Amino acid sequence: MSAAKKGAIIGGSVILLIAVAASVAVVVTRTTSATKSPAPAPSSGSPPSAASKSIQAICQPTDYRDICESTLSKVANGTSDPKELTKAVFQAAGDNLREAFRHSELLSMAAKDPRTKEALQTCRELLEYAEEDIKTSFNNLGGFNMTDYEKAVDELKLWLDSAATYQETCLDGFENTTGDAAAGMRKALNVSMAMTDNALAIVGQISSFVGQLKLPVVLSRRLLSDDDLSFPSWVSADRRKLLSIPPSGIRPDVVVAQDGSGDFSTINGALAVAPTRSQKPFVVYVKSGVYKEKVVVFRNMTNIVIVGDGDTQTKVTGSLNFVDGVVTFKTASFEGVTLESYIHSLCSPAVVMGDGFIARDMGFENSAGAAKHQAVALLVQADKSVFYRCRMDAYQDTLYVHTLRQFYRDCTISGTVDFIFGDAKALFQNCLILARRPLPNQQNIVTAQGRKSRQSATAIILHNCTLAADPSFPPELHSKNPTFLGRPWKEFSRTFVLQSYLGSVIHSDGWLPWTGDFALNTCFYAEVDNRGPGADKSRRVTWKGVKTITYEHAEDFTVARFLWGNDWLPPTGVPFISGLLPLANAKH
């Protein structure tokens with residue numbers, strides 16, 4: 001690392017901590033000015049202490065202020081140092097998660113219903129992920145490169161977002177369970193979920209305050225230099241364009257082939273010899289074939305690269321589903337997890353959690369069929385993950401974009417109900433999105449984004465994609481079984497459709513309610529510069545949550561600004577469009 005970059009990180013850390021202190025000081029001042037009328041005094045008759053004022057100030061921007069203040073009052077130990085109080089918010093969230101974890105163990109021992117036991121087992125593992133990601137965010141609090149403060153804060157929020165999502169997914173798993181375990185788990189998670197959301201709000205307050213500072217150009221704007229254009233040290237010259245050369249030109253670490261011509265006959269066998277927490281890519285070449293196995297990329301399997309012979313030639317398939325007693329989170333064919341014990345309970349064909357994961361020319365399928373309802377083909381929880389020229393096929397809940405940053409380029413995704421769903425920062429570019437023929441009483445919904453908090457930075461972005469009907473879904477059924485762009489799975493759901501082709505299969509309403517008026521005022525749905533017969537917005541629903549945004553605003557939801565992709569996508573060799581295409585000139 002260059003001396004200049006080290007200096008930027010050290011300086012940035014100082015600025016971030018100063019911002020915490022200064023923003024709290026500003027809020028204290030504002031609060032004092034705004035409450036000139038006599039306030040209720042403590043029972044002792046003494047005025048509020050400095051620590052109490054600081055706690056009130058740091059909790060001021062949060063949505064769960066009472067929980068924030070009561071929790072910090074217990075752990076602050078009389079300090080009024082805003083830096084220490086900020087740390088205490090993160091620590092309190094982690095402490096409450098551990099308590100919820102212990103509670104889930106007690107509930108599991110008492111549970112008799114098999115589905116409830118499975119939901120509680122899933123909860124325990126998800127809460128471990130949540131605690132780990134809160135630690136990641138906490139550890140990053142004072143060590144960011146502040147050459148771009150927005151990026152630094154976005155990194156903090158990224159890991160807090162994922163921690164919040166894991167807790168929410170824990171509760172989602174109790175659908176159709178019996179007994180009072182669901183209520184017990186929700187009560188146990190009440191404080192930790194509130195404190196995670198409060199941490200997001202406090203981080204957002206820091207961002208707002210730093211934005212008002214007159215920072216030097218070197219700190220307020222990230223300038224391109226020769227150092228910026230170089231690849232990470234682990235990306236060797238022969239691997240920089242790994243994803244742009246044919247399989248015959250790749251030099252893999254291991255080869256998988258069903259005919260015995262490779263090193264392994266299964267993908268899991270190849271992954272078993274991959275190094276853990278590696279900074280270098282581990283390349284697995286999977287020859288053509290249908291691999292009927294649950295592929296798991298564990299969380300400690302970082303920088304795994306899987307290359308197939310084509311998205312219809314090399315396919316991972318499975319048929320686990322909700323109707324047959326499997327919770328949605330565990331139905332994927334391809335997945336990645338943290339704990340080795342977890343692999344035995346997973347019911348999905350594919351899940352990825354190892355950061356830096358890349359897949360090229362691979363197919364992922366859940367073959368359970370429409371009648372089996374939720375049946376995930378691919379679940380992704382890996383930060384900076386890339387899927388290039390891949391295919392995901394199922395019906396309901398095809399692709400679970402669960403958490404963290406994900407980029408999909410030139411992929412095909414097919415399904416019926418909510419077939420792209422989750423709470424990641426997921427961006428789809430130049431992808432073909434196909435609505436399949438649903439059950440006779442169903443309608444198709446492309447997206448179901450799961451943003452739970454208004455503080456969260458997550459969204460599903462469709463950029464320069466094509467939304468059309470699968471050949472199995474003939475035009476004469478389009479009016480009977482309409483297809484919508486999305487519906488709000490959670491209260492603050494966010495989805496953006498940018499510069500895409502919307503075929504006639506898309507209903508004129510555009511968006512569909514989840515149930516009743518839930519989230520119609522709090523969701524954030526926008527369409528910008530789209531084309532095709534389904535792009536006419538004149539008859540769209542008029543909910544408060546369906547927004548009209550400018551081309552300039554939409555730039556915030558591109559590869560460069562939303563994923564910070566200019567920093568990490570170039571070394572992969574995957575083509576990408578950094579920003580928006582010229583207005584009204586988007587071509588697939």
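So, salt bridges: this structure holds 23 of them, counting a side-chain nitrogen of Lys or Arg within 4 Å of a carboxyl oxygen of Asp or Glu. Keep in mind it's a predicted model, where local features need pLDDT of at least 70, side-chain atom pairs count only at pLDDT 80 or more, and totals for chains, interfaces and linings use all residues. Residues are numbered from 1 along each chain as its sequence is written, and side-chain values use heavy atoms, with hydrogens and water left out.

Okay, let's start with arginine 454 and aspartate 63, whose side chains meet at 2.5 Å, N to O. What does that pair tie together? Arginine 454 is in the loop between strand 20 (444-449) and strand 21 (459-463), and aspartate 63 is in the loop between helix 2 (50-58) and helix 3 (65-75), so parts 391 residues apart in sequence get joined. Helices (H or I, at least four residues) and strands (E, at least two) are DSSP runs, by the way, numbered from the N terminus.

Buried or exposed? I'm using under 20% relative accessible area for buried, over 50% for exposed, and partly exposed in between, with a 1.4 Å probe and protein chains only. Arginine 454 comes out partly exposed at 45%, and aspartate 63 is partly exposed too, at 34%.

Next up, arginine 299 and aspartate 133, a salt bridge at 2.9 Å, N to O. Aspartate 133 sits in helix 5 (residues 114-140), with arginine 299 in the loop between strand 4 (295-297) and strand 5 (304-307), 166 residues apart. Here arginine 299 is buried at 9%, and aspartate 133 is buried at 1%.

Last one: Asp95, Arg98, Glu131 and Lys135 form a salt-bridge network.
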